[in-house]
Amino acid sequence: MTMNLTRRKFLQTASIAAAGIPLSKVVARAESKPGVTKAPLIPPGSFKDTKTVTGGVCEMCFWRCQLVGKLKDGVLKKLEGNPKSIDNGQALCARGNSGIKLVYDPDRLKYPMKNVGERGKPKWEKISWKEAMDTCASKLQDTIKNHGAKGIGVWYHGASAHYPTAFFEFLGVPNLYEPAFYQCRGQTAMAMMQTLGFVPNEDVDMPNSKAMLLIGTHIGENIHLSHVKNFLKGLENGSKVVVVDPRFSAAAAKAHIWVKIKPATDTAFLLGLMNYMIGKGMYNKSFVKKHCLGINKLTKHVSEWTLEKTAAECDIPASQIEEVAKVLSENAPNVSIHPGRHSAWYGDDYQRVRANACLTALLGAMDCPGGIVRIKRMSTGHVHWPEVEYEEDPEDLALAELAEKYPFRPPGTPPHLMRETMISGKPYPIKSLVVWGTNSIKTMPQQEETIKAIKNMDFVMVTDVSPTDITMWADILLPEACYLERYDHIEKGTQWNQGDKPQQFVAARMPLIDPMFERKDSVWMINELARRMGHTKDIPVQTQEEMVDHMLEEADLSIAKLRKLDGIYIQPGESPYLKPGEEPTFDTESGKIELYSEELEDEDFASLPTYTKSEEPPKGYARLIYGRSPVHTFNRTSNNAWLAHEAPENPLWLNDESAGKMGIKDGDRVFLENQDGKRSAGSTIVKVTPGIRKDAIFIAHGFGTFNPAMTVGYDKGIDDNSLNSIAKIEGETGVGGMRINFVRIVKDNKAIDIPA
Ligand code: SF4
C-alpha cells in the first residue's frame with residue numbers, strides 16, 4: 001500500500017479519533033453555532049452540586065454500556081460511564097454522552113396522536129391515551145375478526161419491543177419481521193450456526209490475539225465501546241492487523257496490511273487464501289483432522305482459486321495474498337478472524353460467512369487466546385404470555401410455507417415476502433401493521449414498495465421515541481419513554497470481561513428520571529391493549545418493574561438489590577479457553593465443524609463455501625457501498641443536536657483520480673443517481689480521497705431524514721436506502737443483499753459519469 005503521509009493522517013483523524021470526542025468539546029462546538037442547535041447554553045459549573053443516579057444502560061446503540069446520570073433539580077445534566085462497569089468503564093462514546101439531547105429533544109413524541117391527514121402527509125391531532133388505546137384495540141380486533149391473527153403484521157426492533165412482540169405471538173400473529181436479522185446480521189448468525197454449531201456474534205478475543213483479520217468490518221466507525229477497546233488492546237499488545245476493504249476505513253488506518261479489494265469479491269479472496277494455505281500446509285492439520293468435516297472436499301473445491309486467479313478477480317497483488325496467509329498462519333491459533341455483523345451485502349453473503357468460519361477452522365482459532373471464544377454468561381429469566389394451542393389452519397401457515405423456500409433463514413418472516421403479501425393480499429390479506437421502534441423506511445431496500453405496502457393497510461399503529469420517517473405513515477402514533485426513562489427487558493446485560501480475571505455481570509436498564517409529557521413504557525401500552533382485547537387474565541406482569549424483577553429472579557437478584565449495587569452485579573466468571581486436555585464440541589449435525597455441509601447439499605445449495613460473481617457496474621457508474629458514521633447510530637440519532645453538529649450529513653467518498661477527471665473538488669455539493677435513474681432527494685458534500693477504489697462510492701447509512709418533524713436532521717445528507725432499488729434475495733436465507741446498486745454523481749443538475 002502506498003499512501004502519502006499527510007493524506008493518511010487526514011484519513012486517520014476522520015475515524016477512530018472521532019469516536020472519542022469528549023463531551024465538553026461536543027457541547028462547546030454545538031453551542032457555539034447559533035441556529036445549528038436548539039440546545040440551551042450550558043453555563044460553566046452546571047455539573048456542580050449534581051446528584052448521581054446509577055442504574056442506567058445506554059441505548060443510543062444496542063451495545064448496552066452502563067451509565068450514571070448527574071441530576072440537578074430533577075433535570076439530567078450529564079451522562080457518564082458507570083465507574084463500576086467492567087465493560088465500558090467510565091467511558092461513553094459521543095452518542096452515549098449525547099443521550100442528554102435525546103431525552104430533552106423538543107421534537108420528541110410527547111402525546112398519543114391520530115393522523116387526520118393522509119398517510120405519508122400526516123396532520124396530527126393530540127388525543128388521550130384512552131382514545132388511542134380504544135382505537136388500536138378495536139382496529140386490531142376488527143382485523144382479527146375479518147382475517148384472523150394472520151391479518152396483522154409486526155415490524156419491531158429493540159429491547160422494549162420484546163414484550164409487545166411476545167403479546168402478538170400469543171395472539172397467533174405469524175408475520176413478524178426484525179431488521180436486525182434481515183438487513184443486518186441474519187446470514188452471519190445462520191452461516192456460523194451451520195458451520196460451527198454456535199453463533200459467536202462479536203465474541204472474538206482480540207486483546208489476546210497475535211493477528212486480526214477484518215473483512216469489511218470497520219471497527220472504529222462502527223463504535224461499540226468495549227469492542228473498540230478490545231480491538232485497540234489487541235493493537236497495543238502488538239497484534240498484526242489485516243483489513244480487507246475497498247475503502248481506507250478507520251480500521252484500515254490502523255492496519256499492517258490493507259487489502260484494497262474489489263467490492264463483492266471477498267468470498268473469492270477467502271477461497272484463494274484457503275487454497276494457498278492448504279497447498280502450502282500452512283494450516284492446523286491436527287485441529288482440522290480431529291474437529292472438521294470435509295477437508296478433502298474443501299481442498300479440491302478451492303483448488304481452482306490459484307493466487308493468479310484470486311488476484312485477478314479481487315484486483316489485488318498476488319503477493320498480498322501470500323503476505324496475509326503468512327501473517328495468519330505464523331500467528332495461528334491466536335488469530336481473531338472477525339465474524340462480522342452486518343452482512344447483507346452482495347446476495348451471496350451466507351457463503352462468504354461460511355468461508356470466514358472455515359478459515360477460522362483451518363487455523364484452529366477457536367476456544368483459545370485470540371480466537372473465537374465461547375463466553376459463559378450469567379442467565380436471566382423470561383416473561384411468558386400463556387402458551388396457546390391454535391387450531392392448525394393451513395391457510396394461516398401459507399406465508400410460513402412460502403418462507404420454507406429459504407431453509408436457512410433467520411427467525412421471523414422474510415420482509416420481502418411479508419411486503420409482497422401486504423401489497424397483493426396473497427397468500428392471505430395482511431391488513432393491520434404494528435411498527436415498534438424500527439424505521440423500516442430506512443432499512444428495507446426498495447423504499448417505494450415499502451410505502452406501497454404500508455398504504456395498503458386498513459390500520460397502521462406506530463410506537464416510537466422520536467418522529468422518525470415511518471411515523472409519517474401511522475394512523476395512531478404512540479410516544480414511548482426513552483431508555484433513560486424506563487426499565488427494560490434484560491437482553492445482553494450479561495457479559496464476560498475479557499481481562500485477566502474472567503468476570504460476569506448483570507446490569508438491568510433502570511430509569512434515571514421519570515418520563516415527561518405523556519410518554520409510556522411498552523409494558524403499560526401492551527397491557528392496556530390486551531385488556532381491551534379481552535386478555536386481562538393472560539397478562540403476565542402488571543408493570544415493567546415486575547417484568548424486570550421476574551427476569552432478575554433467575555440470577556437471585558432484584559431491582560432493589562441492583563439499586564444497592566449501583567446498578568451492576570458482578571461475580572467471578574469462567575475462562576472461555578479450553579483447559580489442558582479438554583476437547584471442543586460443536587453442535588452441528590455431524591458434531592464437527594462443517595467445512596462441507598450435507599444439509600446444504602440435501603437442500604440443493606452449495607455444500608462448500610462458493611463464490612458467485614456479482615454484476616459489474618454499468619459504464620459511468622460505481623458500486624454504492626455504505627457504512628457507519630462513528631458519531632451516529634443510523635437514522636436514530638440524526639436529530640440529536642450535538643451529534644448532528646459533529647456530523648450533520650454523510651460526506652460522499654470519491655476517489656481522487658476519478659474526481660480530478662470529473663472536475664469535482666473536495667467539498668462540492670452533489671446528489672446521487674442510481675442505475676434505474678432514481679435520484680437522491682437530498683444532497684451531500686464530496687470528500688475527495690485516495691482512500692477509496694475507483695469502482696466504489698461510499699456514504700454513511702441513515703442520513704437524509706425526510707420527516708420535517710425532525711427539525712435538526714431533516715433533509716441532511718443522502719438517504720442511501722432510497723437508492724437501493726434492487727435487492728438480491730439470497731436463496732439460503734431470504735436475506736436481501738443491498739450493496740448491489742450502482743450510482744453516478746449529479747452536480748448542478750447534471751449527471752456526471754464516473755470514469756472506469
Ligand atoms: S457504544 Fe456508545 S452508543 Fe453504544 S451503548 Fe455504548 S455509549 Fe451507548
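Guide: Happy to! Two strands count as paired if DSSP finds at least two bridges between them. Strands (E, at least two residues) and helices (H or I, at least four) are themselves DSSP runs, numbered from the N terminus. The model is predicted, so local features need pLDDT of at least 70 and side-chain atom pairs pLDDT 80 or more, while totals for chains, interfaces and linings use all residues. Residues are numbered from 1 along each chain as its sequence is written, and side-chain values use heavy atoms, without hydrogens or water.

Visitor: Good. Which residue in S13 is the bridge partner of Gly-153?

Guide: That's Leu-433. Strand S6 (residues 152-156) runs parallel to S13, with five bridges between them.

Visitor: And what does S13 pair with in the parallel sense besides that?

Guide: Strand S14 (residues 459-464), again through five bridges. Val-435, for instance, has Val-462 as its partner in S14.

Visitor: Is S13 buried or exposed?

Guide: Five of the five residues in S13 (432-436) are buried, so the strand is largely enclosed by the rest of the structure. Buried here means under 20% relative accessible area, exposed means over 50%, and partly exposed is in between (1.4 Å probe, protein chains only).

Visitor: Which way do the S13 side chains point?

Guide: Ser-432, Val-434 and Trp-436 go one way, and Leu-433 and Val-435 go the other. In a regular strand, side chains alternate between the two faces of the sheet.

Visitor: New topic: how many salt bridges does the structure hold?

Guide: There are 43, each being a side-chain nitrogen of Lys or Arg within 4 Å of a carboxyl oxygen of Asp or Glu. One of them joins Glu-59 and Arg-636, at 3.8 Å from N to O. Glu-59 sits in the loop between S1 and S2 and Arg-636 in the loop between S20 and H25, so the pair ties together parts 577 residues apart in sequence.

Visitor: Are those two ends buried or exposed?

Guide: Glu-59 is buried because its relative accessibility is 13%, while Arg-636, at 38%, is partly exposed.

Visitor: Nice. What about the S2 and S3 hairpin, which residue takes a positive phi?

Guide: Asp-73, with phi near 50°, in a hairpin that has two residues between the strands. S2 (66-72) and S3 (75-81) run antiparallel and are joined by six bridges, and Lys-72 is partnered with Val-75 in S3.

Visitor: Which residue forms a salt bridge with Lys-78?

Guide: Glu-80, with the closest N and O atoms 2.8 Å apart.
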